[in-house]
Amino acid sequence: MSLRLDFIGIVTTDLAASLAFYRQLGLDIPANADDEAHVEAALPGGMRIGWDTLETIQSFDPSYERSTGSHRVAFAFQAGSPAEVDETFARLVAAGAQVRVEPWDAFWGQRYATVMDPDGNAVDLYAPLS
């Protein structure tokens, strides 16, 4: 089988807010992309992440409805140190991100925290404690 995971897509109701959030996490997203209907960014290792507006998805899948309730997907960003987890968490919260889990020292040996992106997806921040 030649299949490989190549792309992760996010459906967003506020593209500019979502792109601003992920720029704060270090993703290289063109500054002029905020008004596009579809945006992609390359990730290390060759994968891509992309954003589509709700209207774009509904243009070819008119029955598409956003899920409700708790998040259905989580993204995890590894930080260089426990202090960077705390700093990134504080910066995202100050910019308006919703807190899901305050930073804590997890029993599995990582500094860990979770915020929600503008579309309700969980974003974990972590770093090894030692």
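**Ground rules.** I number residues from 1 along each chain as its sequence is written, and side-chain values use heavy atoms, with hydrogens and water left out. Because the model is predicted, local features need pLDDT of at least 70 and side-chain atom pairs count only at pLDDT 80 or more, while totals for chains, interfaces and linings use all residues.

**Entry 1, the four-stranded sheet.** I took helices (H or I, at least four residues) and strands (E, at least two) as DSSP runs, numbered from the N terminus. I called two strands paired if DSSP finds at least two bridges between them. On that basis 4 strands form an open sheet in the order β4-β7-β6-β5, with mixed pairing. The edge strands are β4 (74-78) and β5 (98-105), each of which pairs on one side only. On average, neighbouring strands of this sheet are turned by 15° against each other, direction ignored. For angles, axes are lines fitted to C-alpha atoms, for helices over the stretch in contact, and the values run from 0 to 180 degrees between N-to-C directions.

I then went through the pairs. β5 and β6 (residues 110-116) are antiparallel over 5 bridges, and W104 stands opposite Y112 in β6. Helix α3 (residues 82-94) packs on this sheet and touches β5, β6 and β7 (122-128); its direction makes about 15° with that of β6. I used contact to mean heavy atoms within 4.5 Å.

β6 and β7 pair in the antiparallel sense over 7 bridges, with R111 opposite A127 in β7. Their hairpin has 5 residues between the strands, and G120 takes a positive phi near 85° there. β4 and β7 run parallel and are joined by 5 bridges; Q78 stands opposite Y126 in β7.

I also checked how covered β7 is: 6 of its 7 residues are buried. Buried means under 20% relative accessible area, exposed over 50%, and partly exposed in between (1.4 Å probe, protein chains only).

**Entry 2, the three-stranded sheet.** I found an open sheet of 3 strands in the order β1-β3-β2, again with mixed pairing. β1 and β2 are at the edges with a single partner strand each, so one side of each has no neighbour in the sheet. The twist averages 20° from one strand to the next. β2 and β3 (residues 48-53) pair in the antiparallel sense over 5 bridges, and V39 stands opposite W51 in β3. Helix α1 packs on this sheet, touching β1, β2 and β3, and its direction makes about 160° with that of β3.

I located A31 in the loop between α1 (15-24) and β2 (38-42). A31 counts as exposed because its relative accessibility is 71%. Its C-alpha atom is separated by 9.8 Å from that of A16, 15 residues apart along the chain.

A pocket here is an open set of points on a 1 Å grid over the protein atoms alone where a 1.4 Å probe fits, with protein on both sides within 12 Å along at least five of seven lines; lining residues have an atom within 4 Å of a point. The lining has 17 residues, of which R66, S67, V73, D119 and N121 lie nearest the centre. Strand β1 (residues 7-12) gives the largest share, 4 residues.
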